[in-house]
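Here is a short tour of a protein chain, with an eye on how its parts meet. Take a moment with the sequence and the model before reading on.

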Amino acid sequence: MNWGLIGGGEGSQIGPAHRIGASLDGFFTLAAGALDIDPVKGKSFAQRLGIASDRSYADWREMLSGEMSRDDRVDLVTVATPNASHFEITKAFLDAGFNVLCEKPMTTTADQGLEIVQAADNAGKICAVNFGYSGYALVRHMRAMIARGDLGRVRLIKAEFAHGFHADASDADNPRLRWRYDPAQAGVSAVFADAGIHAFHMACFVSGQQAVNVSADFASCLDGRALEDDAMINMRMDGGAICRLWTSAIAVGRMHGLTIQVFGENGGLRWAQEWPNQLYWTPLNGRTETIERGADGLSPEADSASRVTVGHAEGMPLAFANLYMDLGAAISAQKEGRDVDPIHAHFPNARDGHHTVAVVEAAARSAERQGEWTKV
Ligand code: NAD
């Protein structure tokens with residue numbers, strides 16, 4: 001199938017992981033792109049990646065009209081531009097009948113998120129959201145263990161995404177940082193919308209629960225920052241669990257810092273993105289067991305998401321590849337008018353995109369009112 005990419009230009013942070021992920025299983029060929037805010041750089045990079053010159057577009061509007069007029073139009077468009085442009089681009093492509101994978105956060109407001117849900121429903125097309133860490137085999141295994149009841153009732157979820165890469169005051173003019181702290185570009189939140197949102201999505205993904213009430217403390221630790229670079233958020237989930245989430249961009253020495261811990265009445269699970277091939281399971285009153293990715297006896301969800309032999313490291317681009325594998329299966333089923341195999345129904349969708357943005361908004365409102373408990 002033909003795949004199109006918007007953003008993700010040369011030197012971007014996330015472009016390479018999408019290109020590796022989309023190409024891994026042979027579902028997608030990179031056929032069209034508007035890769036850069038600078039049209040000359042974007043076209044030149046597109047051609048170096050093997051995109052035909054008539055499909056190396058100067059910008060996304062040109063790509064939309066160019067692809068609409070083709071019989072071999074792209075089957076999936078990935079939107080990997082900075083946050084403020086996600087809504088307009090994603091909605092325009094859905095309205096024109098394309099399937100879309102949008103980077104997170106899907107939108108900068110919850111109202112826009114709802115419009116995207118409606119646009120996807122109206123078009124009958126897929127809108128997926130790249131909460132790519134949900135593609136890790138052992139994250140899918142956590143979800144399967146919780147769903148089949150191994151933990152019993154989930155009491156507490158502790159989620160973190162705390163790194164230290166925005167802690168240098170002398171780096172304030174770096175263009176890749178600046179948009180993240182500019183309310184016109186980023187919306188009502190910086191680090192929660194940018195990083196913490198992954199930890200929150202993961203809490204929902206593994207537990208099957210959503211947030212109903214939030215209480216948040218936002219802090220801007222560097223002078224002149226209009227949006228938060230550190231936040232602590234307490235949540236009450238609709239399935240009865242408590243969720244506590246810490247996100248930070250000033251935690252010097254922490255690298256990626258995405259971790260998820262789930263504690264139920266029958267045991268606890270711990271997983272960290274920087275050591276993704278091990279999951280720790282402690283049954284109540286029992287010994288801690290290390291569950292290795294790729295080992296025998298894991299859930300079908302983990303087996304289908306695991307690519308290389310046990311003992312060999314798998315990382316983030318392969319987690320993204322699992323979302324692309326699911327999308328490849330779902331779009332093939334869509335084209336053939338049949339249901340998709342449920343094993344491939346795990347990719348985050350526009351409803352997840354909307355809920356996560358609604359929680360960011362509720363947290364920002366709560367933080368403005370000194371942590372007052374606020375309904376999502
Ligand atoms: P970046 O600043 O490194 O790169 C952005 C790229 O988009 C650049 O190539 C830029 O030229 C291009 N671009 C900007 N505006 C454009 C436009 N209108 N049309 C076409 N191209 C345009 O940013 P990044 O860190 O790669 O982040 C991009 C998006 O990916 C953000 O929404 C970010 O939140 C998300 N992201 C997701 C993950 C993840 O794990 N899912 C990780 C990092 C970033």
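A salt bridge is a side-chain nitrogen of Lys or Arg within 4 Å of a carboxyl oxygen of Asp or Glu. With that in hand, the count between domain 1 and domain 2 is 3 salt bridges. Please keep in mind that this is a predicted model.

**The two domains**

Let us start with the layout. The domain assignment divides the protein chain into domain 1 (2-133 + 323-349) and domain 2 (134-307 + 354-375). Between the C-alpha centres of domain 1 and domain 2 the distance is 25 Å. Domain 1 brings 27 residues to the contact, and domain 2 brings 33 residues.

How much area is buried between domain 1 and domain 2? The figure is about 2500 Å², with carbon and sulfur atoms giving 57% of it. On the side of domain 1, the residues that lose the most area to domain 2 are Phe131, Tyr133 and His346, which together account for 34% of what that side buries.

**Polar links and the helices behind them**

The interface of domain 1 and domain 2 also holds 13 residue pairs in polar contact. On the side of domain 1 that touches domain 2, helix H5 (110-123) and helix H11 (316-336) each supply at least two residues. H5 gives the most to that side, with 4 residues. Sorted by class, the side of domain 1 that touches domain 2 has 14 nonpolar, 10 polar and 3 charged residues.

**Salt bridges**

Looking at the whole structure, there are 20 salt bridges. Two of them are set out here.

| Salt bridge | N to O distance |
|---|---|
| Arg61 and Glu88 | 2.7 Å |
| Asp194 and Lys104 | 3.4 Å |

The pair of Arg61 and Glu88 links distant parts of the chain: Arg61 belongs to helix H3 (residues 60-68) and Glu88 to helix H4 (residues 86-95), 27 residues apart.

A cis peptide bond joins Lys104 to Pro105, with omega at about -15°. Pro105 sits in the loop between strand S4 (99-102) and H5.

**One more backbone detail**

Which loop holds Asn285? Asn285 is found between strand S12 (278-283) and strand S13 (289-292). Phi of Asn285 is near 65°, a positive value in a residue other than glycine.

Methods
Residues are numbered from 1 along each chain as its sequence is written. This is a predicted model: local features need pLDDT of at least 70, side-chain atom pairs count only at pLDDT 80 or more; totals for chains, interfaces and linings use all residues. Side-chain values use heavy atoms; hydrogens and water are left out. Domain bounds come from an automatic or database domain assignment. Contact means heavy atoms within 4.5 Å. Buried area is the accessible area (1.4 Å probe) that two parts lose on being put together, summed over both. A polar contact is a pair of N or O atoms within 3.5 Å; within protein, one must be able to donate a hydrogen and the other to accept it, and residues adjacent in sequence count only if both atoms are side-chain atoms. Ala, Val, Leu, Ile, Met, Phe, Trp, Tyr, Cys and Pro count as nonpolar, Asp, Glu, Lys and Arg as charged, and the others, Gly among them, as polar.
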